[in-house]
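Keep the structure open while you read.

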Amino acid sequence: MMGEREEDDDTEEAWLQLRPMEPLPSQCCGSGCSPCVFDLYHRDLARWEAARASKDRSLLRGPESQCYQMGLMSRYVESWRAGDTAFWRGPFGDFFYKPNQYGELLMLAAGTGLAPMVPILQSITDNEDDETFVTLVGCFKTFESIYLKTFLQEQACFWNVRTFFVLSQESSSEQLPWSYQEKTRFGRLGQDLIKELVSCCRRKPFALVCGSAEFSKDIARCLLCAGLTEDSYFLF
C-alpha cells in the first residue's frame, strides 16, 4: 500500500496540483515592490520545476524562512509538516460594527494589526448606504513591508476613505512611488501626529487601535491627550 501511495504522489496529475498559481495582473500594485508578487511566483515556479524533475517534494519547501522568527504563530506554523492537522477557533472579540454607527473611524494599525481593520473597512465600502468616513493609518518598518498595497489603494479611491502610512525605518520620500509620497510620514506614530490626525478628521472620530501591547498602550495615551475620551476608542 505504501509503495502504491508513493507512485500516486509522483504522477503528472499529482505534480500539476502542486504547481504554483500565477497571480492575476490586478494582484500587482505597480509600486515597484521588491520582491513583487510575480517575483515570488517565478521563484516558486522554478522551485516546483526542479522538484518535479528530481521527483523530490522536499525541494518545494526551499530554504528555511528567516521571516518573523520571534512570532509565536510563525514558529508554530513553521513546525507543521505535510499531513498535520490544525484546529482553529473564533473569530473572537468585543467590537461589533454597525453601519453609520460612527461619524468617522480613525484606524491606527501597526504591522499585522491591519488585519481586523480590513473586514470593517471592506464592509463600509461594500455598503453604499454606509456613509461612515474612514481614516486609516498603517505603521510599518519600510515601504516594502506594507501589507495589502493593492487593496488599500483600491479602498482609498472611495469618497469616504483616506489612507496614510508611517514608516519607522525610512527617512525620505524620494524613493517612494509618487502616489505614496504625500501620504507617508517617517519615524513613529507619536503624540504630535496623533493630534494632527484627530484634528483633521472630517467628523468626530472613534478610534480603532491594533498592534503590539506596547503600541496600543502608547496610542491610547496619545488619543487621550488629543482630546478623545476612553469611550471614544477601542483596543483590539
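Buried means under 20% relative accessible area, exposed means over 50%, and partly exposed lies in between. The model is a predicted one.

Q: Is W80 buried, exposed or partly exposed?
A: W80 sits in the loop between α4 (72-78) and β1. Its relative accessibility is 31%. Buried needs under 20% and exposed needs over 50%. W80 therefore counts as partly exposed.

Q: What accessible area do Y76, V77, W80 and W88 have together?
A: These four residues form a nonpolar patch on the surface. One of them, W80, lies in the loop between α4 and β1. The accessible area of the patch is about 440 Å².

Q: Which strands are the edge strands of the sheet?
A: The open sheet has 6 strands, with parallel pairing. Their order is β4-β3-β2-β1-β5-β6. An edge strand pairs on one side only. That describes β4 (184-186) and β6 (233-235).

Q: Which residue in β6 stands opposite V209?
A: Strand β5 covers residues 205-210. β5 and β6 pair in the parallel sense over 3 bridges. Opposite V209 stands L235.

Q: What angle does the direction of helix α5 make with that of β1?
A: Helix α5 (residues 117-126) packs on the sheet. It touches β1 (104-110), β2 (133-140), β3 (161-167) and β5. Its direction makes an angle with that of β1 of about 150°.

Q: At what angle does helix α8 run to β1?
A: Helix α8 spans residues 191-199. It lies across β1, β2, β3, β4 and β5. Its angle to β1 is about 155°.

Q: How many residues apart are E12 and R52?
A: The structure has 6 salt bridges. In one of them, the side chains of E12 and R52 meet at 2.9 Å, N to O. E12 is in helix α2 (residues 12-17) and R52 in helix α3 (residues 37-54). The pair links distant parts of the chain, and the separation is 40 residues.

Q: Is R47 buried or exposed?
A: R47 forms a salt bridge with D44 at 3.7 Å, N to O. Both lie in helix α3, 3 residues apart, about one turn of the helix. D44 is partly exposed, at 26% relative accessible area. R47 has 18% relative accessibility, and the limit for buried is under 20%, so R47 counts as buried.

Q: Why does the E104 and R162 pair tie together parts that are 58 residues apart in sequence?
A: The closest N and O atoms of E104 and R162 are 3.7 Å apart, in a salt bridge. The two residues lie in separate strands, so the bridge ties together parts that are 58 residues apart. E104 is in β1, and R162 is in β3.

Technical notes. Residues are numbered from 1 along each chain as its sequence is written. This is a predicted model: local features need pLDDT of at least 70, side-chain atom pairs count only at pLDDT 80 or more; totals for chains, interfaces and linings use all residues. Side-chain values use heavy atoms; hydrogens and water are left out. Two strands pair if DSSP finds at least two bridges between them. Helices (H or I, at least four residues) and strands (E, at least two) are DSSP runs, numbered from the N terminus. Contact means heavy atoms within 4.5 Å. Axes are lines fitted to C-alpha atoms, for helices over the stretch in contact, and angles run from 0 to 180 degrees between N-to-C directions. Patches are made of residues with over 30% relative accessible area and no salt bridge: like charges are joined within 9 Å, nonpolar side chains (Val, Leu, Ile, Met, Phe, Trp, Tyr) within 5 Å. Accessible areas come from the Shrake-Rupley method with a 1.4 Å probe; for residues, only the protein chains shown count as cover. Buried means under 20% relative accessible area, exposed over 50%, partly exposed in between (1.4 Å probe, protein chains only).
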